[in-house]
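Morning, everyone. Let me put the structure up, and then we'll go through it.

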Amino acid sequence: MSAHHPTRSARSAVRARLPGRGDDAGRVVLLIAGLFAVLGMLIVGGINVTALQLARVHVLDAADAAAADAADSVDEAGIYRGGVGEQLRLSDADVRTTATRSLAGQPVPAHVLGWQVAGGAVAADGRTAVVRVSAVVRPPMLAGLWSGVFGDVHVSVQSRARADVG
């Protein structure tokens, strides 16, 4: 034996101090579990955000329909007094009443727990109906956990519509 080559017992002693190849197996499983946890959170978050955005679009569509119906609600007493004239005049009460009735007749979209007309008025020009609708939306995945931690999601949208004569 030469001095440059370690003896068999010296190699065995060095191997005994180094970690074995089987010691890495647990670490890889832990990394994979962490990766799947992060991926799961991203997927659930993406689904919830998409569902909330779609619910917001549905609430905006309902507000548009309510505003369009409200713009058609003319002040009948004013028409009987002075005729139609060149433009229709709206009243705040008619806009709010018609928007509330229109919203009540529309089906509530998925993930929307409820909605209501939060404001209905006539714009300064006197012929544009302004309708504000507020809704409570619940995300589809882990809704109970979400509501418990963050509370329900409130969506508020505003829509304007005008009915012109002629």
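Start with Arg162 and Asp125. They form a salt bridge, with the closest N and O atoms 4.0 Å apart. By salt bridge I mean a side-chain nitrogen of Lys or Arg within 4 Å of a carboxyl oxygen of Asp or Glu. Arg162 sits in strand β3, residues 153-162, and Asp125 in the loop between β1 (112-122) and β2 (128-137), so the pair ties together parts 37 residues apart in sequence. Strands here are DSSP runs of E, at least two residues; helices are runs of H or I, at least four; both are numbered from the N terminus. Searching the whole structure gives four salt bridges.

A word on sources. This is a predicted model: local features need pLDDT of at least 70, side-chain atom pairs need 80 or more, and totals for chains, interfaces and linings use all residues. Numbering runs from 1 along each chain as its sequence is written, and side-chain values use heavy atoms, without hydrogens or water.

Now the domains. Domain 1 is 22-78; domain 2 is 91-142 plus 154-165. Those bounds come from an automatic or database assignment. Their centres, over C-alpha atoms, are 21 Å apart. Domain 1 puts 24 residues into the contact, domain 2 puts in 30. Contact means heavy atoms within 4.5 Å.

Last, the record. UniProt, in an unreviewed entry, lists 28-49 as "transmembrane region". Such annotations may be inferred rather than shown by experiment; positions follow the numbering used here, and feature names are shortened. In the model, residues 28-49 are 100% helix and 0% strand, with end C-alpha atoms 31 Å apart.
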